[in-house]
Amino acid sequence: MEKKKIKMPYGITGDKISEVEREVPMNEPEGWPVNAELKHVGKRVKRLDAQAKVTGAAQYTSDIQLPGLLVGKMLLAAHPSAEIRAIDTSKAESLRGVYGIHMMQNEEGEEYPKVRYAGQPIVAVAATSEAIAEEAVAMIKVDYNTMPFVVDVEKAMDPEAPIVYEAPVEQTASEGGEEIESGLQLKGNVRGPNVGKPRGELEPGFASADVVLENTYRTQVQTHNALESHGMIVDWKPDGVTIYASTQGTQGVRNEFADLFELPRSKVRVVVEFMGGGFGAKHGLGTHGVAAGHLAKKTGRPVKMMATRKEEQISQGNRPNSIQYLKVGVKKNGELTAIEQKSHGTAGVGLGAGVGGVAQTMYTCPNFRTEQYDVFTHAGPGAAWRAPGAVQGIFGLEQILDELAEKIGMDPLALRDKVDPSKVRKVGRKVGAERFAWSRRKPAGSGTGVVKKGIGVAQSSWWRIHSTNATAEVKIFKDGAIEVRSGVQDIGTGTKTILAQVVAEELGITPEEIMVRIGDTLFPDAPGSGGSQVTASITPAARNAAYQVKRKLFDMVADQLEIDASELKAENGQVISTKDASKKMTFREALASMPVSQVSATESRTKEYAGEYLHWDLGSVQFVELNVDTETGMIKIDKVTAAHSCGRPINITQLESQINGGIIQGISYALYEDRILDRNTGHMVNHTLDTYKVPYAMDIPEIDIALMEDYNAKSSTDAYGIGEPSNIATAAAIANAVYNAIGVRIREIPITPAKVLAALGKA
Amino acid sequence: MKKISWYNATTLQEAQQEVDATASSLLSGAGKGSAILKSGGIDVLDLMKEGLIAPQKVVNIRNIPGLDKIEYNSKSGLRMGANVTLSSIEKNNDVKTNYKALQLAVAKAATPQLRNMSTIGGNLGQRTRCWYFRSIDHECLRKGGNTCFAKNGENEYHAVINNGTCASVYASSVATALMAYDAIIEIAGENGQKREVPIEEFFVTPYQDVRKENVLKGGEIITALMLPSVNDKIKSHYIKQGARQSYDWALADVAVVAEVSGKKCKDAKVVLGAASPVPMRSKEAESILMRDGINESSAKLAAEAAMEKATPLEKNGYKVAIFKAILQRAIMKTV
């Protein structure tokens with residue numbers, strides 16, 4: 001393949017930025033300079049759909065009404081473990097307004113689903129109104145043969161515990177989810193171990209250490225609580241199916257639906273223009289999508305199935321808990337000698353309860369072993385949840401590092417300087433420490449008075465994930481319209497706007513002039529919003545398509561300007577010669593002069609440009625300042641300073657907004673959230689937003705964000721995601737700050753007043 | 001939610017004719033009626049949404065004239081109509097000046113939006129937030145079942161005192177302050193007669209009748225709350241501790257109303273909310289304050305004394321520590 005050489009920025013703001021040469025395919029655009037020299041990329045461009053969202057004009061899936069629409073409701077299992085002897089739906093069927101009933105199925109395909117958790121969807125009913133569907137559900141009689149159950153992860157590990165699955169279980173991860181190792185053995189409820197990639201030998205490693213620490217860290221089950229619940233409308237027409245879905249992956253929903261109902265993929269269209277959040281749990285059809293599909297097929301009418309808040313909490317996904325044992329050896333000079341990790345976690349009836357790869361990959365350490373086990377319990381299935389595994393893993397790793405630093409008398413940042421090979425985190429530590437005034441940190445528990453102040457730090461790592469199955473089309477029209485089209489969905493972070501920025505930059509026009517049409521599988525395929533991969537995948541595709549369409553336009557107008565197309569450039573709304581500034585026309589004039597009514601180019605994400613790069617991962621460093629009331633146990637977070645990298649930032653406002661969200665969810669995870677299953681009945685007791693605690697306005701601290709431009713010259717935009725990185729380090733930083741405040745370490749979240757008071761010996 | 005019919009009452013008599021049930025009677029299956037009252041509708045709607053009650057008729061008393069006034073007189077005290085919203089109490093200057101603990105309690109209740117809707121009468125009549133009580137999957141004692149699920153279950157938010165039968169805590173934190181002021185509750189009876197009930201007699205403990213939280217009978221309507229007048233020696237304070245800073249139910253809340261002159265404390269009322277199934281005075285704490293006056297050491301002694309009878313469950317022992325801390329602070333805020 002013919003290639004060309006382009007120059008690209010390389011380095012990190014706050015450190016130094018140089019230039020690197022990359023050999024790229026001929027159809028790739030020239031390298032962009034750093035953001036400071038660009039017009040729209042890297043700027044605070046207002047969301048294109050801000051007004052629609054703020055005024056309520058934006059139609060979310062749950063807002064959509066169709067002629068003849070039926071509304072579906074689920075009957076939920078009343079017991080955590082049972083065989084169903086019979087289900088009598090006769091009364092419900094004869095209720096006026098009921099059009100269809102669908103029996104949910106487990107993978108085993110029995111007549112009635114086996115009940116493995118309380119609240120499991122059992123039967124779906126479609127009726128002309130929500131009230132009738134609810135009434136019908138209440139009329140269904142289920143004859144349960146109840147069986148012993150276990151909801152507590154540690155009890156479930158007991159060989160004598162009631163068994164969730166009799167036979168070994170294989171499941172596939174959702175897009176962006178924690179990888180699920182196949183073929184692992186199942187003993188009782190315990191599946192594993194997943195051993196990752198071990199290296200070196202532990203024993204000599206620990207033997208060579210000056211200090212060896214071992215501790216166990218615990219994280220809780222956290223539910224997603226997206227504002228918009230899971231759900232879909234399936235409109236099954238003879239010539240094809242249209243699905244309006246609250247989804248973070250249009251392509252995934254289409255493919256799963258088509259496969260399930262044995263339809264060609266081209267006959268299934270999935271639409272999601274606006275999306276009320278997913279956080280990892282909204283990949284694929286889900287229980288409600290499957291039920292809506294069956295009911296739509298049966299009734300011949302469009303069916304809407306939206307999960308209730310209670311269903312959201314119980315059956316629509318969660319972040320598995322973790323019990324992580326860590327043993328780490330360190331030399332007095334800070335060198336790590338060995339890391340041993342053993343974890344157990346439960347994703348209920350699902351898999352994917354590992355603690356990720358952070359202990360394995362983040363720090364320089366020659367000897368490493370991990371054993372990660374999934375434990376089945378009679379509880380709702382886990383799902384990908386913003387940095388699956390890493391959030392749990394960092395909670396343990398970053399605390400034990402803090403503990404080791406103290407033991408060897410090193411500042412926590414100095415220890416990380418020693419063991420962390422990431423260049424971007426190094427800059428993050430420096431920049432963050434200055435902005436946060438880290439040097440004021442006092443010894444742990446040294447404060448006097450009832451309310452004690454503490455500060456702490458934690459770091460995180462996340463992969464640079466991208467998908468080459470990411471395609472965008474840019475169309476220019478003779479009448480002046482400019483469009484970007486892609487099947488990619490906007491999970492809510494502003495994907496529409498960044499596509500407009502990238503294309504505007506390439507075409508020398510403004511983002512507001514561009515119509516972005518996304519969230520529809522009629523447009524070219526793009527990946528789901530998982531793994532923080534969307535920006536990294538779709539912005540290079542869009543830029544490349546814009547570049548190609550620009551070249552086609554130049555070819556068409558060069559003759560009129562009596563110059564060669566190769567000397568044209570597009571900037572400031574003009575098509576202009578690089579050699580003779582008098583040879584120009586406006587971009588609109590150029591469009592109007594096209595001999596055809598429209599021209600388009602469709603390009604996909606190409607693979608990462610080859611060559612050296614600074615570091616393999618996306619790094620963050622988060623600093624936390626907080627107060628602990630030692631009499632009431634209440635924690636108040638005062639400030640979070642967050643240094644983050646995401647390659648080339650595209651939209652600063654949106655990035656900050658996403659980082660704010662990640663930190664707030666991290667605070668929520670550290671202090672408030674906890675799914676509580678009743679030990680005696682197996683039911684979730686805190687399924688309302690009243691009892692499932694999340695922070696509200698007064699619980700949110702000042703958040704100061706240091707966004708680093710981190711150029712690695714890997715694609716035409718060199719941009720990466722921030723969704724997951726922003727959520728990983730917060731809880732560990734809070735735990736470290738709590739220790740710094742009170743001098744007692746709390747190794748389990750949420751750090752509630754009960755835990756603080758217990759740690760202080762007051763309760 | 002099932003279909004309901006809606007009746008807009010314009011007089012108390014009309015409302016009483018239409019009503020034949022209470023949320024409590026629907027919840028426990030006692031009695032036959034199916035028409036209930038609503039004022040602000042906050043708790044009624046919540047119970048309906050959760051599928052706990054399914055009244056056929058809801059009788060709106062919000063529009064009955066004359067029940068929405070706050071009147072203050074330095075001799076007779078404060079009178080708040082039952083339909084007065086929490087936000088109007090919160091903003092009322094006479095309340096701010098004379099009944100600080102009440103103002104603080106109201107300002108900490110729920111959210112601004114809910115305070116705009118909820119009425120003081122309805123606030124007192126609301127049912128417990130115990131998550132077993134609020135769950136259709138748990139038929140607890142209060143709903144006519146045989147078990148208190150909390151006692152051996154997930155009880156981090158439950159009662160630490162008087163939790164032998166039912167471990168729920170009473171939901172209204174405003175009541176904590178009202179009890180400290182010896183509020184009187186005016187109730188219109190079915191026969192058209194009004195009766196006045198001191199707030200301490202308004203609540204029904206689980207030991208008395210586990211299916212009820214107050215003395216209201218079907219057809220009875222709270223019409224007003226009255227607080228005695230205060231003099232300038234009466235100081236008060238209220239502290240609520242939730243699980244977060246923003247809107248939350250109380251893990252613990254306390255109200256203190258004390259008549260203080262110099263180092264002496266002539267009279268003291270100390271009330272604990274979210275400690276037991278109904279709000280309760282701590283006479284032990286009160287007598288220490290009246291004996292020793294108000295100072296750091298008496299406040300500490302009083303706080304300890306208030307929790308002496310605590311019998312915490314497996315997961316709520318921390319609440320005892322919080323009660324001690326905030327009670328001590330509230331007492332010291334009165335001087």
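Author: In chain B, the C-alpha centres of domain 1 and domain 3 lie 35 Å apart; domain bounds are taken from an automatic or database domain assignment. The model is predicted, and local features need pLDDT of at least 70, side-chain atom pairs count only at pLDDT 80 or more, while totals for chains, interfaces and linings use all residues. Residues are numbered from 1 along each chain as its sequence is written, and chains are lettered from A and ligands numbered from 1 in the order in which they are written.

The assignment for chain B gives domain 1 as 5-63, domain 2 as 70-125 + 170-227 and domain 3 as 234-332. Chain B has 13 helices and 12 strands (DSSP runs numbered from the N terminus: H or I of at least four residues for helices, E of at least two for strands). The radius of gyration of chain B, taken over C-alpha atoms, is 19 Å, close to the 20 Å that the globule rule (2.2 Å times the number of residues to the power 0.38) gives for 335 residues, so chain B is as compact as a globular protein of that length. Along its principal axes, the C-alpha trace of chain B spans about 60 × 50 × 35 Å.

Next comes the partner chain. The contact takes 27 residues from chain B and 32 residues from chain A, where two residues are in contact if their C-beta atoms, placed from the backbone, lie within 7 Å. On the side of chain A that touches chain B, helix H3 (130-139) and helix H19 (753-759) each supply at least two residues. H19(A) gives the largest share of that side, 4 residues. By class, the side of chain A that touches chain B has 16 nonpolar, 8 polar and 8 charged residues (nonpolar: Ala, Val, Leu, Ile, Met, Phe, Trp, Tyr, Cys and Pro; charged: Asp, Glu, Lys and Arg; polar: the others, Gly among them).

Chain A is itself divided into domain 1 (1-31 + 422-463 + 612-763), domain 2 (64-147 + 225-315), domain 3 (152-224 + 320-420) and domain 4 (467-604). The C-alpha centres of domain 1 and domain 2 of chain A lie 37 Å apart. Between these two domains of chain A, 8 residues of domain 1 are in contact with 8 residues of domain 2. The domain 1 side of that contact in chain A divides into 4 nonpolar, 4 polar and no charged residues.
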